Number of protein chains: 2
Amino acid sequence: MVAAVRIAPSASTRALNLLRTVQYTHPPSCPCHSNPNHHHHHRTPTLSEHVRRHMATPTDPSRQKEYAFEMAASSIRFGPGATKEVGMDFANMKAKRVCIVTDGNVAKLDAMKQAVEGLSREGIEFTVFDKVRVEPKDSSVKEAIAFAKPYNPDAFLAVGGGSVIDTAKLMNLYTVYPEADFLDFVNAPLGKGLPVTKALRPLIAVPTTAGTGSETTGTAIFDLVSKKAKTGIAHRNLKPTLGICDPLNTRTMPSAVHASSGLDVLCHSLESWTAIPYNERTPRPTNPIHRPAYQGANPISDIFSLQALRSTVKYLPRAVKDPEDFEAQSQMLLAATLAGVGFGNAGVHLCHGMSYPISSQNPGYKHAGYDVDHPIIPHGVSVAVTAPAVFRFTAASNPDRHLAAAEAFGVDISNVKRESAGEVLGEALADFLVKLGDQPRGLKDLGFQRGDIESLVEGTLPQKRVLDLAPNLNSELEGEKAELRALLEESMEY
Amino acid sequence: MVAAVRIAPSASTRALNLLRTVQYTHPPSCPCHSNPNHHHHHRTPTLSEHVRRHMATPTDPSRQKEYAFEMAASSIRFGPGATKEVGMDFANMKAKRVCIVTDGNVAKLDAMKQAVEGLSREGIEFTVFDKVRVEPKDSSVKEAIAFAKPYNPDAFLAVGGGSVIDTAKLMNLYTVYPEADFLDFVNAPLGKGLPVTKALRPLIAVPTTAGTGSETTGTAIFDLVSKKAKTGIAHRNLKPTLGICDPLNTRTMPSAVHASSGLDVLCHSLESWTAIPYNERTPRPTNPIHRPAYQGANPISDIFSLQALRSTVKYLPRAVKDPEDFEAQSQMLLAATLAGVGFGNAGVHLCHGMSYPISSQNPGYKHAGYDVDHPIIPHGVSVAVTAPAVFRFTAASNPDRHLAAAEAFGVDISNVKRESAGEVLGEALADFLVKLGDQPRGLKDLGFQRGDIESLVEGTLPQKRVLDLAPNLNSELEGEKAELRALLEESMEY
C-alpha cells in the first residue's frame, strides 16, 4: 500500500488524506484507539501506525467490521404521578382515536385508572384491548393485531409490563403495514427481517414493572410457536414515542416480582456492558437502515449500562425487602429504563440466549411468590440463573470490563489480577443472588437434570441475534455447542 | 391533616393511598428521597415522615415545585466516515427535496463534499443555502427562512457548527409554520414563547465542530437585534431527527477552535451538572407541553454531564496540543454530543448567561488563532472566563456535586472539607485553563475594565431562562445584580 507515501504538506491535510484513504479498508474507530475495552493502551498510535496495523483487514464488505454505532431511545418522562399527564400528551399530538393496550390484571390497577381518566378528561375517543398474554405467542399477537386493524387508531397507549408494551409495538407495526405478512419483519433467519421504512403511529408506553425497559427500545419479543422458538421484531422505528415512568405504578408489584424483574435489569446491564464492541461486529452494513439496534457495546450504551448496574446493586435488595422503600423502588424503575437504553442499543447475549429454553422447557418449577395456577420460571430468574457461569466464561474477552462490573458489586479490585476477573465477578454475582433471597441456586433447583442439557443447548442455538454478540464464544457450531453445554453444566449449581 | 390516619390494610395499598393523597400537594420526588444532591441522607424516610415533611408546600400551582422530568435527544450516529451515509438516510425516509444548510467556509470542506455526493448518489434533489451567519442575528435567520419557504423542502440537512445547525432548526420551524410571526416561538419574555405543537420535517445535523452539541438539542440561539439581547427558541420538537457525528469532520478545526469549542463543552457539562435540581424548579407545568427542555439537573442528564466533563478534562488538552491525535479529537466530538444531551435536558446557567454580553460588548479583543478581520471573543472563551468565579460561588448550593466535579479534574478530594468545595473547584478550573494555553486570565485580558461591569450586569439580566437555573442566586433583582457584579469583578483576573 502506498498510503504512507501520500504525505501532504500540512499535518492536518495529511491526517485527513490518510484517514480518507484508509477509512473503508479498516475500522477507523479501531480498538487500539478508542475502544474502552483496551484502555490499557495508553500511547496513541500515530496515523501511519494506525494504517499499518489494519492493512490486513479484508475488503469483502461482508467480512468488514462495523465502524459506526447509532444511538436511539424513546423520550422518557419520569415522575411519580406523571401517568395523569398522558391525556394531555395525546391531545397535544392531536390524537383522536387511541387504542389502549393492557392485560387483564393491569386493567384493574390504578395505572389504568389514571390513563383512562386522563384520556376522558381531554375528550379523546379510545378503546381498550385488555387481552395481552403474558409472554406473548404469535397467536396472541395476531389476535391483538386483528383487534387494532379495524379500529385503525391514530395512536397507541400501552399500560403494563414488557409483554403489553411489546404487543402494542406489534399492533402499531401491522396497523401501519396492513398488507404485510406476519413473518416479513420477524428477525431472520426465522422471519424475513425486513427493515421498517415507514414511520409508525405515536405510541406512549407506561410501564408497570421495573424490568424489561421495553418503554425505550425498538424490540418486541414473542414465542413463534410454529418454529418452537422465542424470537421477535427489532427495529428503531418500533420504539415508543414516549415512555412515562411513574414510580407510583410499580408499587403494586409483589416483592417476588420486584426481585425477578430486577434481575432482568441486572442482566440487561451486565450483558450489554460485556457484549462484543460494536466495531468488532460483522458485517458492516452497506446501508445505515441495516445497522441493527443490537449492535454491540459502544461508548454511549456503556454509560447507561454501567449506571444501571450500579443502581441495581444498590437498590434492588432494598426494593425487594421493604415494600415501603419508595426511594429504592423509584430508583429501580429508573435503572430499568437506563438499562433499556443500554441494551436497546448494544444488545444482550448469553444469559438471555439461554433463558428462553430454560423458561419454555420448565420441568415443573413454580417460583415462590407468584400466585399463578401453573409452573413458572419468571424471565428474570431464568436469565440470572446462568449469570455466574456466563460472566466467568466471558471475562477472558475483556478482563477490565469484568473487573469494573465486580467493582460495581462492591468488590475491592485493587489487588485482583486480570486473569481472576471472571472468578471474582462470578462470585460477586452468586453472592448477590443468594443474599437477595428466594432465588434458585442453579438449574438443579429449577428441576433440571444433566440429561436436560442437550435439549437446552438445542433451544439456545436459534438465538443467533444475541449469540452473535456473545464475547469469547466459538464461531464454529460444534465449538459453540460445547461451550453452551459447559455453561449450562456449570449453572446446575452455584 | 389526616393522611397519616388513613392507613389501609396492606402495606402496599397503604403506601399507594398515601402517595396518591400527597402527590399533588408536595413534590413526590422530594430532595430528601431521591435527589442526588442530598446523598448525605442515608436513612429512607418512611411515608408518614415523607408526608409530614411536605405539609407546608403551597397549593398555588405557580408556586408548586416540579415533580417530573423529561429526557429527549436526537438519535446519534457516531463513526469516522459516517457522513457518507446521509444520502441513504434521506432515501430511506423517502425525502425528495432536501435543503442543505451551511456557511461559506464549511461549504468548501470535505464534510459538504461527502454530503453532496451522498445525496447525488441517491438521486435526491437538493438546494444549498450557504449564507448562514456565524453567531446568527434575527435578520440572518429571517433571510434563511425566506430562502427555505418557497423551496418548501421535505427535509433539511445542516452541515456545520452550532450556528448552521441552529439556523436550520429555525428554517424548519417557520417552513412548517409559514404564517407564524417570528416572535411567536421566541423565548418569553422577549417573544411569546408559544409551544411547538406540530411535528417538524426531518432534519439531519452533521456537526463540523466539537462544541455546541446542537445536533442533539431542541435549542436555537440568535441575536434579537431590536431587543439587543441574545435569545432563542427552545422546544423538543426542534431537535434534529439524527445527528451524524463524524470525527473526520472535526479534523479541519484549527487548534484554537478545538480549544474554544472544547471550553464550551466544559461549561455545558459543569453548568448542567450544577444547575438547580429539576424538582426545585417552579412552576410545576399544568400541561406537559410546557415542561421546559431547560428543566434543571436530573438523574439522566447527570450521567451525560459528568461523563462529558471527565472526557473533556482528559482529551481536550491533547486535542488542542496535537493535531495528529485523532483519538482525542474523536473523544471530544463524542463529549460535545454527550454534553449536548446533558445540557439540552438540564440547561446551563451563569457562565452562559454572562457570556452573551461579554461577547457582544467586546472592547476590541481578537482571540489568537482566529483568522478573522474583526475583534472576536469566541463563545467558548466567553463562557470559560467566568467559570472559576462562578463555581466558587455556586458550590455552597451543593458541595458534594462541586467536589465530584473537582475530582473529575484529578483533584484528590478525600480530605477536602465540603465548605472548601468551591475554592478547590475554582482553582482546578483556573489551573486547567492556564495549562490549556492561549486563554485570557480574566476579563481584564479581554480588555474589560471595572467601569464596564455595570453594563455587563445589565446585559446578563435578560437571560432569565438560564439565570432561573442558577443555584444560589438571589431571587430579588437588587440581590441578583449585586451577585452578578461580584462574579464579574472576581472574573477580572484569575
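This is a predicted model: local features need pLDDT of at least 70, side-chain atom pairs count only at pLDDT 80 or more; totals for chains, interfaces and linings use all residues.

Mentor: Let's start with a side chain: a polar atom of Ser74(A) lies 3.1 Å from the backbone oxygen of Glu215(A).

β2(A) pairs with β9 (residues 242-245) of chain A, in the parallel sense and over four bridges. One of the residues to look for is Phe78(A), whose bridge partner in β9(A) is Cys245(A). Zoom out and you get an open sheet of seven strands with mixed pairing, in the order β4(A)-β3(A)-β5(A)-β6(A)-β9(A)-β2(A)-β1(B). The edges are β4 (125-129) of chain A and β1 (69-71) of chain B; each has a single partner strand, so one side of each is left without a neighbour in the sheet. From one strand to the next, the twist averages 20°.

Helices pack on this sheet too. Helix α6 (residues 138-151) of chain A touches β3 (97-101), β4 and β5 (155-160) of chain A, and its direction makes about 165° with that of β4(A). Helix α7 (residues 162-176) of chain A lies across β3, β4, β5 and β6 (203-207) of chain A, at about 165° to β5(A).

While you're looking at chain A, here's a pair of cysteines. How many disulfides are there over all chains? The count comes to zero. Cys267(A) is in none, and the nearest cysteine sulfur, in Cys351(A), is 4.4 Å away. That is too far for a bond, because a disulfide needs the sulfurs within 2.5 Å. Cys267(A) is buried, at 0% relative accessible area, and Cys351(A) counts as buried at 0% as well.

One last stop is helix α11 (residues 350-360) of chain A, where you'll find Ile358(A). Ile358(A) is buried, with a relative accessible area of 0%. Its contacts beyond four places in sequence include Ile377(A), Val385(A), Leu443(A), Phe448(A) and Leu488(A). The C-alpha atoms of Ile358(A) and Gly459(A) are separated by 8.4 Å, with the two residues 101 apart along the chain.

Key:
Residues are numbered from 1 along each chain as its sequence is written. Chains are lettered from A and ligands numbered from 1 in the order in which they are written. Side-chain values use heavy atoms; hydrogens and water are left out. A polar contact is a pair of N or O atoms within 3.5 Å; within protein, one must be able to donate a hydrogen and the other to accept it, and residues adjacent in sequence count only if both atoms are side-chain atoms. Buried means under 20% relative accessible area, exposed over 50%, partly exposed in between (1.4 Å probe, protein chains only). Helices (H or I, at least four residues) and strands (E, at least two) are DSSP runs, numbered from the N terminus. Contact means heavy atoms within 4.5 Å. Two strands pair if DSSP finds at least two bridges between them. Axes are lines fitted to C-alpha atoms, for helices over the stretch in contact, and angles run from 0 to 180 degrees between N-to-C directions.
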